[in-house]
Amino acid sequence: MKLFLPNEHVKNVFQIKPNDLKERGIKGIITDLDNTLVEWDRPDATPELIEWFQLMKDSGIKITIVSNNVEKRVKLFSDPVGLPFVYKARKPMRKAFRRALRDMELQKDEVVVIGDQLLTDVLGGNRLGVYTVLVVPVAQTDGFVTKFNRKMERRILGWMKRKGMINWED
């Protein structure tokens, strides 16, 4: 069950500050797209998100989007903001995470994985041995597969709360 436990939990990506990352030796971010950065049905980055990307870039922190979604969706979002991406990642499989590490030319102890799902982002990052951050989903609606995952996540989180493994509120 510890593979489902994130190292950190935050309300949104904006609570993740470049100075905090740099103090921990973090030089790169692997982030999910849908319901982590923007709503799953929003095509473009918000102005606030573009500012956050720039803040990270100005601080020397690389960002790669790793998404289970199709190329068209991820490319339409990533290209305008100039971010590299991996699509059809098959998270929680490690291959896409490894590719992102290789492309950023970073080691796993220099990267953080950010995502909104335990069963894909957190599990995948933890399986690779990367620091993981779970964010509250941006939207309250999900696609079909994610709806199933959310039901499983609620059960896992409930178990973790009962065991005293987590202390944050949903």
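Buried means under 20% relative accessible area, exposed means over 50%, and partly exposed lies in between (1.4 Å probe, protein chains only). The model on screen is predicted, so local features need pLDDT of at least 70 and side-chain atom pairs count only at pLDDT 80 or more, while totals for chains, interfaces and linings use all residues. Residues are numbered from 1 along each chain as its sequence is written, and side-chain values use heavy atoms, with hydrogens and water left out.

**Stop 1: the sheet**

Show the cartoon. Helices (H or I, at least four residues) and strands (E, at least two) are DSSP runs numbered from the N terminus. Six strands make an open sheet with parallel pairing, in the order S1-S6-S5-S2-S3-S4. At its edges are S1 (8-10) and S4 (85-86), each of which pairs on one side only. Two strands pair if DSSP finds at least two bridges between them. In general, strands of a sheet pair through backbone hydrogen bonds, either parallel or antiparallel.

Select residues 62-66, which are strand S3. Two bridges join S3 to S4, and the two strands run parallel. Val 66 stands opposite Val 86 in S4.

Next, select residues 118-128, helix H5. This helix packs on the sheet, where it touches S5 (111-115) and S6 (131-135). The direction of H5 makes about 165° with that of S6; such axes are lines fitted to C-alpha atoms, for helices over the stretch in contact, and angles run from 0 to 180 degrees between N-to-C directions.

**Stop 2: Thr 31**

Select Thr 31, in strand S2 (residues 28-31). Is Thr 31 buried or exposed? Its relative accessible area is 0%, so Thr 31 is buried. Leaving aside residues up to four places away in sequence, Thr 31 touches Thr 36, Leu 37, Ile 63, Thr 64, Ile 65, Val 66 and Ile 114. Contact here means heavy atoms within 4.5 Å.

**Stop 3: aromatic rings**

A pair of aromatic rings is described by the distance of the centres and the angle of the planes. Rings of Phe, Tyr and Trp (its six-membered ring) pair if their centres lie within 6.5 Å; planes under 30 degrees apart count as stacked, over 60 as edge-to-face and the rest as tilted. How many aromatic pairs does the structure hold? There are three aromatic pairs.

Select Trp 52 and Phe 53: their ring centres are 5.9 Å apart and their planes stand at 55°, so the pair is tilted. Trp 52 is buried at 4% relative accessibility, and Phe 53 is buried at 6%.

Move to Phe 85 and Tyr 87, a tilted aromatic pair with 6.3 Å centre to centre and 45° between the planes. Phe 85 is buried, with 18% relative accessible area, whereas Tyr 87 is partly exposed at 31%.

**Stop 4: a charge over a ring**

Select Arg 24 and Tyr 131. The charged end of Arg 24 sits over the ring of Tyr 131, 4.2 Å from its centre. The rule is that NZ of Lys or CZ of Arg is within 6 Å of the ring centre and within 35 degrees of the ring normal.

**Stop 5: loops**

In the loop between S2 and helix H2 (47-58), select Asn 35. Asn 35 is not a glycine, yet its phi is positive, near 70°. Asn 35 is buried, with a relative accessible area of 1%.

Finish in the loop between S4 and H4, at Arg 90. Arg 90 also is not a glycine and has a positive phi of about 60°, but Arg 90 is exposed at 63%. Pro 92 lies in the loop between S4 and helix H4 (95-104). The peptide bond from Lys 91 to Pro 92 is cis, with omega near 20°.
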